[in-house]
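Thanks for coming. I will go through one model this morning, starting with the terms and then moving along the chain.

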Amino acid sequence: MASLFSLSLLLLFLSFVTAAIDDSQFTFHEATIETIHLAFAQNRLTSRQLVHFYVDRVQTLNPSLRCVLELNPDALHQADEADRLRAAAGGDGTTLGHLHGIPVLLKDSIGTDDKLNTSAGSYALLGARVARDAFVVERLRSAGAVILGKASMSEWYSVRSFEMPSGWCARGGEGLNPYVKSGDPCGSSSGSAIAVAANMVAVSLGTETDGSIICPGDHNSVVGFKPTVGLTSRAGVIPLSPRQDSIGPICRSVSDAVHVLDAIVGFDPRDEATGEAAKFIPMGGYKQFLREDGLKGKRLGIEKMEEYNQDGLIAAEMTNMLDEEVVEAERRMKQLSEEGFEKLMKENELDAMVTLGADAATVLAIGGYPALTVPAGYDDNGMPFGICFGGLKGSEAKLIETAYAFEQATRMRKPPLSYSTEFHYPHYQ
């Protein structure tokens, strides 16, 4: 047994050495949007090969991790079309979308007008058709992305039963944390986070009402980006709370999350919240804020939950009420957000609030504020934890600068050891 273990480590080590020596081979392991696009441009990789790799990973790992509900039967066709368009464009990559040929996994509550189900993890909606693609899916397709499939989730956002474990749904069973088997994968977007962490897809989308992007990102050592409510349209996504629901990327790096965010933000007449939030979108997009010196000059606040009266916020959120009581509860939550978090941020002229873990998610969710979590380390048992940066509405640019600078300075993310086997593209021709 010891010799077999040593041989496995040796083979793993040699795979990395080979990748370093032979630049003609593309390294799928921890691939980013930028490295994938570079390999496309250098004719070292095709979209078909990339999709083949991720399909193989899903088929190999999903029986254990249970994070993908179904693969798109049209994914290879979409990949072939991406390869055709890339060849037709020659060396002019500017004519292609920013996510051209990149496989994306979608949470199972995000509607797709194709052969995939949109079921919120439940058998109740299995086979039902949606009227159209969700707006964010339309944007992904316009950017050239390949829809790889649907990720598992906590069924009905855990509303089916508050006693069911996090990440469980009838269709897929209970998702497994890829770092610690007994660890909580956390939040209803857990499938999206698990798949990205285990290199089963390039990037993914999740949804958040209260911590469902931030907590899975934190617990699975990936980047979770929950935008200001309304920055991304919720049209075509199974709703939970119109005042709190937000759609955002879950990726292995801040850079990838920003590339995806740029692709999906924008005004949508089918979601009135996007009309108000559209003013926050900067000219030239968000990639311009990926700066290694982004922490320079920033004023950061270290979170202390008691300062924000979190108990009052949670109580207001969880209360069952009549219509007139709902209006009053929403007024109170708005008041608590303005007099708590917003007041603290403005009076102290803070660029971001910082906290270890995902404890700030509820405060940020109830106010509709943006948040970005980045891998920050691992405890003695190997369980990941992240650092969360939160800010006022529309402060995505500052959060990106801060989070990216932290990520580049620390580079704390490590892939889960049990699911880190490396492959090279000749196996997927």
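Helices, meaning DSSP runs of H or I with at least four residues, and strands, meaning runs of E with at least two, are numbered from the N terminus. By that rule, Gly-275 is found in helix H9, residues 273-277. Before going further, a word on the source: this is a predicted model, local features need pLDDT of at least 70, side-chain atom pairs count only at pLDDT 80 or more, and totals for chains, interfaces and linings use all residues. Residues are numbered from 1 along each chain as its sequence is written, and side-chain values use heavy atoms, with hydrogens and water left out.

Back to Gly-275. Buried is under 20% relative accessible area, exposed is over 50%, and partly exposed is in between, with a 1.4 Å probe and protein chains only. Gly-275 has 42% relative accessibility, so it counts as partly exposed. Its C-alpha atom is separated by 9.7 Å from that of Ser-233, 42 residues apart along the chain.

Now the overall picture. The protein has 13 helices and twelve strands. It has 429 residues, and 58% of them count as buried. A contact means heavy atoms within 4.5 Å. Among contacts with a separation of 6 or more, 75% are between residues 24 or more positions apart. The exposed surface comes to about 18300 Å², with 54% supplied by carbon and sulfur atoms; such areas come from the Shrake-Rupley method with a 1.4 Å probe, and for residues only the protein chains shown count as cover.

Next, the cysteines. How many disulfides does the structure hold? One, where a disulfide is a pair of cysteine sulfur atoms within 2.5 Å. Cys-186 is joined to Cys-215, with S to S at 1.7 Å. The link is right-handed, with 95 degrees about the S-S bond. Cys-186 sits in the loop between strand S5 (173-174) and helix H6 (190-197), while Cys-215 is in helix H7 (residues 214-219); the two are 29 residues apart, and the pair links distant parts of the chain. Both Cys-186 and Cys-215 are buried. Cys-169 is also buried, at 0% relative accessibility, and Cys-251 is buried with a relative accessible area of 0%.

Helix H6 deserves a moment. Eight of its eight residues are buried, so H6 is largely enclosed by the rest of the structure. Those buried residues include Ser-190, Ile-194 and Val-196. After H6 comes Asn-199, with a positive phi near 60 degrees.

Last, a helix pair. Two packed helices are described by the angle between their axes and the distance between the axes. Here axes are lines fitted to C-alpha atoms, for helices over the stretch in contact, and angles run from 0 to 180 degrees between N-to-C directions. Helix H8 (residues 254-264) packs with helix H13 (residues 396-410) at about 150 degrees, the axes being 9 Å apart. H8 is therefore roughly antiparallel to H13, a label for angles over 145 degrees. From H8, the contact uses Val-254, Ser-255 and Val-258; from H13, Ile-400, Ala-403, Tyr-404 and Glu-407. By class that is five nonpolar, one polar and one charged residues, where Ala, Val, Leu, Ile, Met, Phe, Trp, Tyr, Cys and Pro count as nonpolar, Asp, Glu, Lys and Arg as charged, and the others, Gly among them, as polar.

Thr-402 is also in H13. Is Thr-402 buried or exposed? Buried, at 0% relative accessibility. Leaving aside residues up to four places away in sequence, Thr-402 touches Gly-294, Leu-295, Lys-298, Leu-300 and Phe-389.

Key. Parallel < 35°, antiparallel > 145°, perpendicular 65-115°, else oblique.
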